[in-house]
Amino acid sequence: MTVEEKNEFLIVTGMSGAGRSTVANALEDLGWYVVDNLPPQMLRPLLDLTDLGGGALPKVAAVVDVRGRNLFNDFPEVARALRSRGSVRVVFLDASDDVLVRRFESVRRPHPLQEDGTLLDGIRLERSRLTLVREAADIVIDTSELNIHQLATQVFEAFSEEGAARHRLTILSFGFKYGLPTDVDLVADMRFLPNPFWIDELRGLTGQDAPVRDYVLSREGATEFLDAYATALVPVLEGYQRENKGHSTVAVGCTGGKHRSVATAEELAKRLASIPGVAVNVRHRDLGRE
């Protein structure tokens with residue numbers, strides 16, 4: 001980060017039940033450092049720390065709301081002072097009263113300002129306290145008609161860097177004889193292809209070596225499988241992005257995880273690397289165990 005570049009500092013606030021936690025989680029997924037339920041009086045020290053951090057925390061978001069009780073009274077003045085520094089933006093989350101009531105009732109929790117009154121009493125009191133904050137916000141998002149996935153999508157579109165991946169795909173090769181991996185979404189079995197292990201000159205090599213790769217990919221059915229599987233995965237990965245599923249793992253197995261699965265995983269990664277919004281990583285779980 002150069003001297004001219006500024007850290008990004010985002011203040012997330014708004015009505016209780018309007019989606020602040022969803023926004024905070026989405027920002028964390030985008031690489032922001034998020035501090036939740038921060039008293040307004042701590043905003044200035046936090047901003048100073050980011051400026052002095054030498055780029056260690058280039059993107060910081062602080063969630064500030066009425067859970068701070070009387071400390072929240074200073075928020076409008078603090079926010080005005082910080083925004084004069086030019087690198088601070090305020091995001092306000094809002095929703096209609098009836099939607100907020102339904103959301104609180106669904107989780108069976110009281111409103112933070114409800115005390116001995118009703119849910120609606122707490123909501124109306126909070127709305128009156130936040131009127132000036134909402135009017136001064138840089139971005140206002142009404143979440144009344146949004147589910148958590150749609151709200152997360154809006155956050156991604158507003159705060160991600162251009163060209164940033166929305167989904168990270170890991171293609172994991174493995175050997176069935178060492179057990180199925182447990183933390184995967186999809187599994188492909190390459191044991192329908194001839195095993196290079198039984199060819200003397202290939203046995204000591206791996207699927208990352210050209211002779212093994214060429215042998216595996218030239219076997220009957222190999223190219224057809226890769227074409228069909230890559231095509232089938234495209235709508236899956238696009239759907240994961242729409243549903244804000246940030247990561248998935250496709251496991252590719254063979255007997256020992258050394259030849260067929262390794263070569264196939266590498267080739268599959270090449271075919272999926274061009275899908276917009278998807279960053280592809282390849283791992284070989286059992287390579288080197290034999």
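On a 1 Å grid over the protein atoms alone, a pocket is an open set of points where a 1.4 Å probe fits, with protein on both sides within 12 Å along at least five of seven lines, and its lining residues have an atom within 4 Å of a point. Volume here is the space filled by probe spheres set on the grid points, which are joined across faces, edges and corners.

This is a predicted model, in which local features need pLDDT of at least 70 and side-chain atom pairs count only at pLDDT 80 or more, while totals for chains, interfaces and linings use all residues. Residues are numbered from 1 along each chain as its sequence is written, and side-chain values use heavy atoms, with hydrogens and water left out.

**View 1. The largest pocket has a volume of about 700 Å³.** Its lining counts 26 residues, and Ser 16, Gly 17, Ser 21, Phe 104 and Arg 109 are the ones nearest the centre. Helices α1 (20-29), α4 and α7 (148-159) each supply at least two lining residues; helices (H or I, at least four residues) and strands (E, at least two) are DSSP runs, numbered from the N terminus. By class, the lining of the largest pocket holds twelve nonpolar, eight polar and six charged residues. Here Ala, Val, Leu, Ile, Met, Phe, Trp, Tyr, Cys and Pro count as nonpolar, Asp, Glu, Lys and Arg as charged, and the others, Gly among them, as polar.

**View 2. The second largest pocket has a volume of about 490 Å³.** It is lined by 23 residues, with Ala 26, Asp 29, Leu 30, Phe 156 and Arg 166 closest to its centre. Look for α1, α7 and β6 (167-175), each of which supplies at least two residues of this lining. The largest share, five residues, comes from α7. Nine nonpolar, nine polar and five charged residues make up the lining of the second largest pocket.

**View 3. Helices α4 (residues 97-107) and α5 (residues 119-129) cross at roughly 125°, their axes coming within 10 Å.** This makes α4 oblique to α5. Axes are lines fitted to C-alpha atoms, for helices over the stretch in contact, and angles run from 0 to 180 degrees between N-to-C directions; under 35 degrees counts as roughly parallel, over 145 as roughly antiparallel, 65 to 115 as roughly perpendicular and the rest as oblique. On the α4 side, Asp 97, Leu 100, Val 101, Phe 104 and Glu 105 meet Leu 119, Leu 120, Ile 123, Arg 124 and Arg 127 of α5, where contact means heavy atoms within 4.5 Å. Six of these contact residues are nonpolar, none polar and four charged.

**View 4. Helices α10 (residues 222-242) and α11 (residues 260-272) cross at roughly 50°, with axes coming within 10 Å.** The two are therefore oblique to each other. From α10, the contact takes in Thr 223, Phe 225, Leu 226, Asp 227, Tyr 229, Ala 230, Leu 233 and Leu 237, and from α11, Thr 264, Glu 267, Leu 268, Arg 271 and Leu 272. Eight nonpolar, two polar and three charged residues form this contact of α10 with α11.

**View 5. Helix α9 (residues 210-218) packs on α11 at an angle of about 80°, with the axes 9 Å apart.** That makes α9 roughly perpendicular to α11. Arg 213, Val 216 and Leu 217 of α9 touch Arg 260, Ala 263, Thr 264 and Glu 267 of α11.
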